[in-house]
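Thanks for coming. I will go through one model, starting with a helix and ending with a chain contact.

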Amino acid sequence: MRRQTVGTPFGVLFAFYLLALLFFLVRSIFTFPSRELLGVFLWPYVWSNTFLELMRHVIPITMAGAAVSYSLLSSPPTRGRTPFHRVISSHLAGMVSLAVLYTALLLGLQPRVHGNYEQLFSLSAQARTYLSQAESALDTGDRRSAVLSYERYLAINGEDRDVQSRAADLRTELYGEDEGRGPGGQESAGREAGDRARRSTPPDDLTEGLSPPELVGRAESFLSAGDYFSAYYYADLAAQTDPRRADARRLAAQAREMIRRFDRTAVEEQQARVFEEKRRGFELYNTGQYVKSYRVFHALNQEVPRDREVARYLEASRSRLASQAFFVDEAQAAELMPGAEKLLFLNPRHEDLWEVVYLGRMAGTPEGVYFADIEVAGFTSQALLYHYGAPYGKLYEGQINFHGIDRREPGIETRSAAYRGSAPTQAGEVPDMLPLVPGPGLLSTLKIERGSLEALSFFMLWRVRSQIAAFGHLEAPIGQEILTRTLLPFCFLVLALVGMSVGWRFRAESARRPRWPGYLLVPAFPLVAMYLGSFYIGAQQVILGFVMVRFSFLAALIVLVGLQALALFLALIALAGQRAD
Amino acid sequence: MRDLLRLPALLLFFVVLLLLLLTGIDLLATWGTGLSAGREEALFLAGARFLPALRDSLPVSVLLALVLLLFRTTLRPGSRLLSFVVPLAVSFVVLAFGYQGLDGLQSRLESQRVEMAAAGYSPERYLAEQRFNEAGEQVLYVSELEEGALRGIVFYDPKARPPKLRYFPRGVVEVMESGVRVGFGGTTRELAVEAVYAPLFEHDPLVRPLLEDISFLNGELARLFRESRPAFFLISFALVFAFYAAGVFFRVSRWPLLNVAIAFLVLRGYLYLVRLVGGDMVEQLGKVFGNPTTLSYLPALILLILGVLFMFVEMLFVPRDRRRREHA
């Protein structure tokens, strides 16, 4: 039998989408929160808010659009009773395609847009802080700090001509006409010099005041005495101090090879273990992993305190770590980059104490991951062991390094400072280093506010859910977010099918089309659909939330699948049960 | 004449169905919210909530059942008199006397509620051990929580001068009506914390105004039931009468779907009107007239006037079997 077409509902549906888009666009323009956001963010706000509002309301809009379009479709010429599903079977494929598109937007684009949306607010707040810092600095006569704060503000809001001219005036006052030699010019020169210095020169206290030939001589004597670790140590120092010395490099390679070949069966078992640990520490040191080598040699030093090699490499690792510093201005620049804010979490690296970490801000740049406004408190249920803070930090080998230096004035540096107790330098803790248990990916999810889950991708939510409890956060809200994002595409399809059924059931007669005033009341449809849709989704969220906290997340997922299968079945039955005539 | 039996049966069926659905959702939310305090307390809370939930769901269930019945009478119009009088009478009886019955039952079980109030909620309902507990902008971390005693506390206050984290070895917690009162470090703070699982059962912000209107209606019914039985019966009748009279909107135009949408919005408008008139307006008028007893009749009177108006419109201008005529 030839399929009878009754027209397509998608024209009306897309008209609904278009009208909704226009409505949200206009509303976003008129409700721009100028007190919270900088004017420069008007259009980014408008586009992201329009998209988010559309996604938030797309289910009732689809339901209303489907209902209206079906209520306006013409009945097919009847020859007896034609099952309704034959009339609309081609439309079902279209609805399923729309549901797939909605799912892609919900899981793919929406979290990103939400993340950008949140960034607009945090950057605006940051910019206002810089502005007030600049004004406070001016009040106290600190013009250099004022210029820096203005520059940071302008990095966010470069279009503010008033601040531009104020900053230019101040720069002229400070540096004269040649602004190229102002802070920016000095910074780039300083950066290059600093980078060179950091990369090439070993710390002065490691060479013990010896010249390269003396270091090579000492390495040779240790090599001939069979003390390969010391031989390598001095040969490597000589090679770093004077990279042109091929003999130093050759000696270092020879010593290294001997360490690698050392036959552990020739020594006693404990010596062999100590030796193995020394070799591991040595390899770590040799590959530049100074935090790890520090820990290995610190542990060895507790075990064999008289071992001179261990003591020497422990000191060498410590000195290397002390020389590991980041430039504070890089950390300050990172504050202007998009990133996570107000992170609060447990850092579960000890069994017998709790460590709470607060990170005011975290942002990734090409130079690395930086943190600002850091606090760490370690305690037992009886007493506080340590509580310290640091203005800035940089991620380094899975740790936060608190040691920052000023590019222009080497005397100025930032470190951790104890509020109460002392920094945890006992038990092998590295000074100015905080080992982090959560990785950088997970870190950004450990925010104080619960509302920030919307910016996380679906896959990130899955990953985080199983781990987040260890960091002091409830896993239930994440489970619920996963359940909701899984639920919504089904709701989209089911409510669209319900809309089709209702529209067809209450369709206008072909011969008596609605008069034009009726079309003016079209906004009433999404309003009604919004109430129905919200109750439908809300009721399911309550059921799923209850099953999750009473039983388990898996049980909630099973119930979700069962509920959706039932709802889809009933919606299809309702649709198929309509009469075509 | 078949409508004489069919319509009340259908109405009662809808009422029971909706009552079960709404009460069930309410109880699940209560039960789930209490689960952080342990299964026994959660179950006890859900049990204590059963009758109040049933009573709170009754008015909405009756009004929604009436709307569903209107669908049926619109699609299959029967006797004008019967399909008006019978559902109206039955729904009034169910609402007014059902409410009275549930309230009486609840009063008998009041001892249970008193017992709960005396025992108080467990602090675990509001504070989770070894978790960060949000209290507005502040955050409270508790390492150990046992019978109101706190150990190993870290308090985060974003507005405090650095340090933002503060440690206290021990403290106490006491449950209040909205949140908890905690004492540590020589000071007592009232923290507006939600129950640990409450955010999972929060309502969608889109429907919050509607739920607030429904909550106001329930509050008004409870108040009038306590203060003046005639006023309670009057507003019960006014509600069902106005809702049922709004059936005229199901036939107001030649586009049936639009009629349904308009009718829904009118019914939504009734709830808003009750809140507007019963809340702000009565308060303002009370200052002028100084007779609150008479003014408490005002929402009911306005609903009655609207109901009568819509009934006249239907009788005079809207054909009862419009849909059937258009099909013919």
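Helix H4 of chain A, residues 143-156, has 14 residues and at 1.5 Å a residue should span 20 Å; its end C-alpha atoms are 20 Å apart, so the two agree. The expected span is 1.5 Å times one less than the number of residues; helices (H or I, at least four residues) and strands (E, at least two) are DSSP runs, numbered from the N terminus. Among the buried residues of H4(A) are A:Tyr150 and A:Tyr153, buried being 20 or more other C-beta atoms, placed from the backbone, within 10 Å of the residue's own.

This is a predicted model: local features need pLDDT of at least 70, side-chain atom pairs count only at pLDDT 80 or more, and totals for chains, interfaces and linings use all residues. Residues are numbered from 1 along each chain as its sequence is written, with chains lettered from A and ligands numbered from 1 in the order in which they are written.

On confidence: chain A averages a pLDDT (the predictor's confidence in each residue, from 0 to 100) of 81, and 85% of the residues score at least 70. Over residues 177-203 of chain A the pLDDT is below 50.

Now the chain contact. In chain A, 50 residues are in contact (C-beta atoms, placed from the backbone, within 7 Å) with 46 residues of chain B. H19(A) gives the largest share of chain A's side, 16 residues. That side has 31 nonpolar, 14 polar and 5 charged residues, where Ala, Val, Leu, Ile, Met, Phe, Trp, Tyr, Cys and Pro count as nonpolar, Asp, Glu, Lys and Arg as charged, and the others, Gly among them, as polar.

Conventions
Buried ≥ 20, exposed ≤ 12 C-beta atoms within 10 Å, placed from the backbone. Contact = placed C-beta atoms within 7 Å.
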